[in-house]
Amino acid sequence: MFPQFSTAWESFNQIYKNFLLNVCNYLLNAMGYSSVKVGNSILKIEGYRGVSVGNYCLGFQLMYYYSMLILVSDMLPKKKLIGLPSGIILTTFLNIIRISALNLMTVYTPNWMFVGHDYIFNFGVFAILMLVYYKLMQ
């Protein structure tokens with residue numbers, strides 16, 4: 001309905017995706033792996049398959065749901081002001097760990113990529129955010 005908003009959102013997605021991939025690339029290289037960014041959405045350790053990062057991998061839905069949970073919760077406004085940005089920053093940090101770890105899985109446990117992507121990391125990120133939420137509610 002509003003193509004100008006869609007274009008702006010896609011542009012923002014690409015900027016954020018580049019940020020995530022660049023940080024993960026730096027992290028993997030700092031750990032001694034020779035990683036390379038391929039195109040606009042793939043990060044791989046040289047000689048291995050790599051990980052493709054799509055728009056749904058950026059964590060925006062999780063940031064949105066977490067933010068809405070904070071906003072509708074019965075907590076002090078001061079805690080909400082702490083919880084909102086910390087949840088967004090934490091989600092970004094956890095996503096960097098997730099993308100980097102999935103790349104390491106292509107090297108060490110490639111047969112577990114599906115389980116790692118769909119279950120282990122999703123559960124881990126969700127559990128950490130729920131622990132932060134629990135602490136904010138106290």
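A nonpolar core is defined here as a set of buried Ala, Val, Leu, Ile, Met, Phe, Trp, Tyr and Cys residues joined through side-chain atoms within 4.5 Å. A residue is called buried under 20% relative accessible area, exposed over 50%, and partly exposed in between, with a 1.4 Å probe and protein chains only. The structure is a predicted model, in which local features need pLDDT of at least 70 and side-chain atom pairs count only at pLDDT 80 or more, while totals for chains, interfaces and linings use all residues. Residues are numbered from 1 along each chain as its sequence is written, and side-chain values use heavy atoms, with hydrogens and water left out.

The protein chain has four helices and three strands; helices (H or I, at least four residues) and strands (E, at least two) are DSSP runs, numbered from the N terminus. In order from the N terminus, these elements follow the pattern α-β-β-β-α-α-α. Along the principal axes, the C-alpha atoms of the protein chain fill a box of roughly 50 × 40 × 25 Å. Buried residues make up 37% of the 138 residues in the protein chain. Contacts are defined by heavy atoms within 4.5 Å. Among those in the protein chain that join residues at least 6 apart in sequence, 59% link residues at least 24 apart.

The largest nonpolar core contains 22 residues, of which Y16, L20, L43, V53, L58, I99 and L102 touch the most other members. Two or more residues of this core are given by each of α1, β2, α2, α3 and α4 (113–137). Helix α3 supplies the largest share, seven residues. A second, separate core has 10 residues, including M75, L94, L129 and Y133. In soluble globular proteins, nonpolar side chains tend to be buried together. The surroundings of L58 illustrate the packing: leaving aside residues up to four places away in sequence, L58 touches N13, Y16, K17, L20, V53, M63 and N95.

Helix α1 covers residues 3–30, and its 28 residues should span 40 Å at 1.5 Å a residue; the end C-alpha atoms are 40 Å apart, which agrees. The expected span is taken as 1.5 Å times one less than the number of residues in the helix. The buried residues of α1 are N13, Y16, K17, L20, L21, C24, N25 and L28. An α-helix has 3.6 residues a turn, so residues three or four places apart point the same way. The buried residues of α1 pack against β1 (35–38), β2 (42–45), α2 (60–72) and α3 (77–108). Just after α1, G32 adopts a positive phi of about 100°.

The three strands form an open sheet in the order β1-β2-β3, with antiparallel pairing; two strands are taken to pair if DSSP finds at least two bridges between them. Strands β1 and β3 (51–52) stand at the edges with a single partner strand each, so one side of each is left without a neighbour in the sheet. Helix α3 packs on the sheet, touching β2 and β3, and its direction makes about 45° with that of β2. For such angles, axes are lines fitted to C-alpha atoms, for helices over the stretch in contact, and values run from 0 to 180 degrees between N-to-C directions.

Four bridges join the antiparallel strands β1 and β2, and K37 has L43 of β2 as its bridge partner. These two strands form a hairpin with three residues between them, in whose turn G39 has a positive phi of about 65°. Strands β2 and β3 are also antiparallel and pair over two bridges, with V51 in β3 as the bridge partner of L43. Five residues lie between the strands of the β2 and β3 hairpin, where G47 takes a positive phi near 95°. The covered face of β2 carries L43 and I45, whereas I42 and K44 lie on the uncovered one.

The structure holds zero disulfides, a disulfide being a pair of cysteine sulfur atoms within 2.5 Å. C24 is in no disulfide, and the nearest cysteine sulfur, that of C57, is 12 Å away, too far for a bond. C24 counts as buried because its relative accessibility is 0%; C57 is also buried, with a relative accessible area of 18%.

F93 lies in helix α3 and is partly exposed, with a relative accessible area of 49%. Although F93 and V125 are 32 residues apart along the chain, their C-alpha atoms are separated by 9.9 Å.
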